Amino acid sequence: MHVCNIAAEWRNTFHKDVVIDIVSYRRNGHNEIDEPMFTQPLMYKIIRNTKPCLDKYAEKLISEGVCTPEEVKDVKDKYEKICEEAATNARKETHIKYKDWLDSPWSGFFEGKDPLKASTTGVVEDTLVHIGKRFSSPPPNAAEFVIHKGIERILKARMQMVEARQVDWALGEAMAFGSLLKEGIHVRLSGQDVERGTFSHRHHVLHHQTVDKATYKPLCNLYPDQAPYSVCNSSLSEYGVLGFELGFSMTNPNALIMWEAQFGDFNNTAQCIIDQFISSGQAKWVRQSGLVMLLPHGLEGMVSTLPDFGLCATAYCKCIFWQVLRYLMHNFGILI
């Protein structure tokens with residue numbers, strides 16, 4: 001714990017990552033009935049001649065006068081009693097209730113909702129216009145913030161669409177995100193090149209052309225009291241990133257958490273997380289998640305490595321894209 005406290009303090013102070021290298025061993029091999037001597041005889045001769053950590057720690061506390069041998073024995077006996085009582089009670093159970101294993105904050109989230117009835121996801125047009133104009137505008141300090149000429153043309157084209165009451169993929173997506181942010185719902189998007197967008201269509205992060213690391217995020221500046229919007233490019237460790245986002249999505253049912261695979265082969269690298277944890281999430285692991293997975297193909301004639309993903313993405317290209325996301329937000333289905 002001392003090392004963990006130091007690591008946490010370092011991270012909070014210097015905002016740098018910390019790696020804790022823990023060297024440990026299994027006293028009983030794979031499990032309590034395993035025989036590790038079959039394959040690791042010399043190693044486990046040493047392990048079996050080594051005192052357990054609990055005994056070492058108890059001896060240290062006793063030698064330092066922190067506690068007495070009687071107090072150590074009392075603590076051990078109390079824990080043994082807890083385990084024995086739990087084992088006795090477990091034998092009395094005749095069936096397993098999944099809800100007893102749920103430890104996530106999703107309790108009560110589905111109460112009073114009909115899973116076969118679509119929730120109301122409409123947004124007044126004034127809200128969409130406001131979001132569209134903010135999304136299509138340069139930073140407030142546009143005189144000092146030098147935008148790429150190509151981005152200037154994109155912003156101008158977006159503004160024209162808003163004024164003409166038209167919506168394309170990127171604008172519809174921004175309206176979906178923005179309307180949720182307005183309602184106080186955290187929106188998070190990660191994946192390869194998600195800030196710019198696979199087809200250079202999103203541009204959720206504008207970069208100053210003459211000042212290094214100076215950026216502006218339009219969707220973070222829609223309303224003064226809006227929820228946070230997190231958009232971040234991820235490394236090419238898809239299974240690690242998707243695993244993190246899956247865990248992130250479990251902690252808060254009132255958030256839209258998305259992971260986007262840039263191409264089908266990127267998704268393939270994350271397939272182990274999909275097969276092991278997502279597709280069987282509630283049935284096997286008894287965990288609920290609102291994670292949304294995206295693959296932006298079907299646009300501009302691009303062909304997906306995984307055809308099914310391409311078909312899904314094609315549906316997103318429609319002007320109802322923002323409604324689909326809002327429906328997912330309110331009903332928390334997992335999109336694959």
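The model is predicted. Ser-190 belongs to strand β1. Its relative accessibility is 1%, under the 20% cut-off, so Ser-190 counts as buried. Across the strand pairing, Ser-190 stands opposite Cys-232 in β4.

## Strand β1

Strand β1 covers residues 186-191. Six of its six residues are buried, so the strand is largely enclosed by the rest of the structure. In a regular strand, side chains alternate between the two faces of the sheet. In β1, His-186, Arg-188 and Ser-190 point one way. Val-187, Leu-189 and Gly-191 point the other way. Both sets are buried.

Two partners flank this account of β1. Strand β5, residues 255-260, pairs with β1 in the parallel sense over six bridges. Within that pairing, His-186 stands opposite Ala-255. Strand β4, residues 229-233, is joined to β1 by five bridges, and these two strands also run parallel.

## Thr-198 in the following loop

Thr-198 sits in the loop between β1 and β2, the latter spanning 206-207. Is Thr-198 buried or exposed? With 10% relative accessibility, Thr-198 counts as buried. Beyond four places in sequence, Thr-198 is in contact with Gln-192, Asp-193, Glu-260, Gln-262, Phe-263 and Pro-296.

## A nonpolar surface patch

Which residues form the nonpolar patch on the surface? They are Val-3, Trp-10, Phe-14, Val-18, Ile-20 and Ile-22. Together they present about 580 Å² of accessible area.

Val-18 lies in the loop between α1 (2-14) and α2 (41-48). Its relative accessible area is 35%, so Val-18 is partly exposed.

## Confidence

The chain has a mean pLDDT of 85. Residues at 70 or more make up 87% of the chain.

One is residues 299-322, where the model has 45 contacts beyond four places in sequence. The other is residues 332-336, with 24 such contacts. Where pLDDT is low, the predicted coordinates should not be read in detail.

Key: Residues numbered from 1 in each chain as written. Predicted model: local features only at pLDDT ≥ 70, side-chain atom pairs only at ≥ 80, totals over all residues. Heavy atoms only, no water. pLDDT = per-residue confidence, 0-100. Contact = heavy atoms within 4.5 Å. Buried < 20%, exposed > 50% of the residue type's maximum accessible area, 1.4 Å probe, protein only. Helix = DSSP H or I, 4+ residues; strand = E, 2+ residues; numbered from the N terminus. Pairing = 2+ DSSP bridges. Patch = residues over 30% accessible without salt bridge, like charges linked within 9 Å, V, L, I, M, F, W, Y side chains within 5 Å. Areas by Shrake-Rupley, 256 points an atom, 1.4 Å probe, with all protein chains shown as cover. Salt bridge = Lys/Arg side-chain N within 4 Å of Asp/Glu carboxyl O.
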